[in-house]
Amino acid sequence: MSLDRTDVEKIAHLARLNIAEQDIQEYADNLSSILDLVDQMQAVDTQDITPMAHPMDAIQRLRLDEVTEADQRDRLQTVAPSVEAGLFQVPKVIE
Amino acid sequence: MLDKTLAELAQGLATGEFSSVELTQNYLDRINAEDGKLNSFITVTPEQALAQASAADQRRAAGNADAFTGLPIAHKDIFCTQGVRTSCGSKMLDNFVSPYNATIVEHFNQAGAVSLGKTNMDEFAMGSSNESSFYGPARNPWNTDCVPGGSSGGSAASIAGGLTPAATGSDTGGSIRQPAALCGITGLKPTYGRVSRYGMIAYASSLDQAGPMTRTAEDSAMMLNVMAGFDPKDSTSLDRPVPDYTLTLNDSLKGLKIGLPKEFFSDDIDPQITIQVQNAIREFEALGATVKQISLPNTHLAIPAYYIIAPAEASSNLSRFDGVRYGYRCEDPTDLEDMYKRSRGEGFGEEVKRRIMVGTYALSEGFYDAYYKKALQIRRLIQQDYVTALSEVDIIMGPTTPHPAFKLGEKTADPVTMYMEDIFTLSLNLAGMPGISVPCGFANGLPVGLQMIGNYFAEERLLNAAHQFQQATDWHTQTPGQ
């Protein structure tokens, strides 16, 4: 599997990653060689094999919907890049 | 004092030979003097360490000390530590002071352990050499031109260099066992679900598992006693009783059945490593074990399956780093999309971006069945290989890595060459089984690791076998010349 510059630009957009123009070709080459590596899988017949998500096939535990934590907004927002009046600030989204 | 094991240091604290404050100060001085060379710590926390040590000494004086009280350790910088920067080796989290503790950090605090600081690692645990760290690579104390392995490279280097007696690590594809092998220490990856993942920054959630890195198997047993156990805050944690792992260390190995997979002894391995591993296996035979040839026929598919599953899960896990609530935000974003793209583009390093993109591609519309689903099917084939083999033998053995520590920069040009170094370790993360690496000799003056693999929840048996091997050999007591 070989990826070109357009593929890399599309993937980088989906992943919301800014990639410098001069680095795109190198990413295309590296990603292509990784995909060549994983393509070995395609030679294996896995028709009737159930995909494995958890080693012990454990299922998601459920719990009661109870309040267990106190409000810690101020403390948790101390690590935020930009906060005003208890709200996270981002660039203007709606004019 | 600085080459002693946790067990020996615990003895010294118990008999009053030295206090925790004296012990801690010794290690802090050593870090100060030596870490300029090794770069094994990202953050050292002397004030907090001495406060914890002083509290531990008071606790001992009051008669409330337990096995771990007053012992210094270091935490891999992937574990959230309240009030202390938790960077995960990334520019993205360079400014992140965690508001809470990981469950295992909480466990060590409650046991009265002393944290010396946070150890260096590959960025977001993605790497096998520690070279992807934003803080520069840690170096191998056996030869500082060589890598310590990764991703828990700082933990391994700090122990081998005598800067801490033990450290926590995390293992998604070999990140505890491979650096343990390359630095000549002992490292255990427990069964998936044995140790809580809460507060351990997620890379590939279905593979990530925390574990101990120490000088000896006995010390790993002491660490695992503190780390293991059910945690309601981790949805994949397993609710099973936790034994005292130190109680079975001295069990006899008579009748132990060892399996040697032919796939782990191929011609691609450094011949000196094969010789050291074969010598180690003869040692086990002398201890009463029997040896049998086995096969794990799908071994060659582990790397391909891993490099879909891990990046796919990483692309999802790392989507949380968006510059909004914490972590790096770019300067002067023009709009929201520009903020996301530049914060992530500038905050993540190259290897992390590569894996996010591989994962994004594998999960994108039209490719899911061909990549992610296929990889999960292969994952089951690999698991079945192990289940079948471990119904016939008690422990599978082989080399931890195909080569000893390599030079810095030697494998950075081609990511795929680097990935091949994890060939023997990552199938275990796919299967979810526990594995331990112990030192078993040298190749060109660099340490060689023996990997032992057991069935689910066979940590007691692995630690027992490793301890018996260490009673009969002295590879684990050797330290790099200063």
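**Figure 1. The loop around B:S151 in the predicted model.** B:S151 lies in the chain B loop that runs between β3 (114–119) and α5 (153–160). This view, like those that follow, shows a predicted model. The peptide bond that joins B:G150 to B:S151 is cis. Its omega is near 10°.

**Figure 2. B:A125, a non-glycine residue with positive phi.** The loop that holds B:A125 is the one between β3 and α5 of chain B. The phi of B:A125 is positive, about 65°, although the residue is not a glycine. B:A125 has a relative accessible area of 4% and is therefore buried, the cut-off for buried being under 20%.

**Figure 3. B:C88 in the loop between β2 and α4 of chain B.** In chain B, β2 covers residues 72–76 and α4 covers residues 103–111, and B:C88 is found in the loop between them. B:C88 is not a glycine, yet its phi is positive at about 55°. With a relative accessibility of 1%, B:C88 counts as buried. The closest cysteine sulfur to that of B:C88 belongs to B:C80. The two sulfur atoms are 8.3 Å apart, so they are too far from each other for a bond; a disulfide would need them within 2.5 Å.

**Figure 4. B:C440, a buried cysteine.** The relative accessible area of B:C440 is 1%, so the residue is classed as buried. For the sulfur of B:C440, the closest cysteine sulfur is in B:C183. The distance between these sulfur atoms is 15 Å, which is too far for a bond. A disulfide is a covalent bond between the sulfur atoms of two cysteines. Across all chains, a search of the whole structure finds 0 disulfides.

**Figure 5. A nonpolar surface patch formed by A:V90, A:V93 and A:I94.** The patch made by these residues has an area of about 300 Å². One of its members, A:I94, is found in the segment after β2 of chain A, a strand that spans residues 87–88. A:I94 has a relative accessibility of 69% and so counts as exposed, since exposed means over 50%.

Notes:
Residues are numbered from 1 along each chain as its sequence is written. Chains are lettered from A and ligands numbered from 1 in the order in which they are written. This is a predicted model: local features need pLDDT of at least 70, side-chain atom pairs count only at pLDDT 80 or more; totals for chains, interfaces and linings use all residues. Side-chain values use heavy atoms; hydrogens and water are left out. Buried means under 20% relative accessible area, exposed over 50%, partly exposed in between (1.4 Å probe, protein chains only). Patches are made of residues with over 30% relative accessible area and no salt bridge: like charges are joined within 9 Å, nonpolar side chains (Val, Leu, Ile, Met, Phe, Trp, Tyr) within 5 Å. Accessible areas come from the Shrake-Rupley method with a 1.4 Å probe; for residues, only the protein chains shown count as cover. A salt bridge is a side-chain nitrogen of Lys or Arg within 4 Å of a carboxyl oxygen of Asp or Glu. Helices (H or I, at least four residues) and strands (E, at least two) are DSSP runs, numbered from the N terminus.
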